Structure formats: C-alpha cells, structure tokens
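Hello,

Here is the structure I said I would pass on. My notes on it follow below.

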Amino acid sequence: QVQLVESGGGLVQAGGSLRLSCAASGRTRYAMGWFRQAPGKEREFVATISASMFWNGGRTSYADSVKGRFAISRDTALNTVYLQMNSLKPEDTAVYYCAAGVSTENLDYWGQGTQVTVSS
C-alpha cells in the first residue's frame with residue numbers, strides 16, 4: 001500500500017510560480033504523475049515520470065498545455081516527486097492530484113489533492 005500526500009498549492013497571480021510536492025510512503029521508485037481537475041471538468045493528465053533504475057531518473061511526459069512551463073522531477077532519497085509550475089495562467093486553476101504505480105500506464109494510488117488557484 002502506498003500513501004501519497006500533496007502540498008504546495010495556493011493562490012498565485014498569473015505569471016507566477018508554484019512548486020507542488022508529493023511525499024510517498026512505502027515502496028520507492030514508483031512511476032509517478034500529476035493530474036488536475038478544474039471545476040465542472042474531468043480529471044486530466046498533466047505530467048508523469050517513469051520508474052527508473054537510476055536514483056533520480058525517469059522518462060518524463062507532459063500535456064501539451066503545460067510543456068515548457070511545468071517540470072516534473074523526483075528525489076528518491078526523500079521519496080518525493082515535485083511539479084514546478086512556472087508562467088502560471090488562470091486556466092491552470094484546478095485541484096492537482098499526485099498518483100503512483102508500477103508504470104505510468106498503471107497509476108493505482110492517488111493523493112487527496114491540493115488546490116491551485118491562479119488569479120488574472
């Protein structure tokens with residue numbers, strides 16, 4: 001069993017930055033990802049990082065809407081994955097969820113979410 005706890009959300013003005021963190025308990029070196037859900041919309045993919053035999057490695061993938069602005073990374077020693085979000089836009093406003101699993105196609109564990117609000 002894996003437990004995920006997100007943090008780092010908040011209110012920021014358009015053009016600003018936030019860094020989300022997701023601390024995982026239990027097994028390390030899972031594939032991990034970030035998803036988001038805006039009011040009235042379905043949950044959508046944001047970014048993933050694959051499991052890797054290398055300490056802080058992993059192949060990354062991003063939604064087109066966040067490419068060049070967001071960056072996913074991991075710190076295996078801390079069992080934590082991050083989402084650095086720059087040049088934030090009002091349309092990035094959503095609850096952001098962390099997920100983990102044996103592969104990026106099988107993310108079975110989910111956190112409780114953290115709210116990100118970007119004001120115009």
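**The disulfide and a serine in a loop**

The structure holds one disulfide (a pair of cysteine sulfur atoms within 2.5 Å). This is a predicted model, in which local features need pLDDT of at least 70 and side-chain atom pairs count only at pLDDT 80 or more, while totals for chains, interfaces and linings use all residues. Residues are numbered from 1 along each chain as its sequence is written, and side-chain values use heavy atoms, with hydrogens and water left out.

The disulfide joins Cys22 to Cys98, with an S to S distance of 2.0 Å. The link of Cys22 and Cys98 is left-handed, with -80° about the S-S bond. Helices (H or I, at least four residues) and strands (E, at least two) are DSSP runs, numbered from the N terminus.

Are these two cysteines buried or exposed? Cys22 is buried, at 0% relative accessible area, and Cys98 is buried at 0% as well. Buried means under 20% relative accessible area, exposed over 50%, and partly exposed in between (1.4 Å probe, protein chains only).

The other residue to look at is Ser50. Ser50 sits in the loop between strand E5 (44-49) and strand E6 (60-62), and is buried, with a relative accessible area of 9%. A polar atom of the Ser50 side chain lies 2.7 Å from the backbone nitrogen of Arg59. Leaving out residues up to four places away in sequence, Ser50 touches (heavy atoms within 4.5 Å) Ala31, Gly57, Gly58, Arg59, Arg74 and Thr104.

Regards

Conventions:
A polar contact is a pair of N or O atoms within 3.5 Å; within protein, one must be able to donate a hydrogen and the other to accept it, and residues adjacent in sequence count only if both atoms are side-chain atoms.
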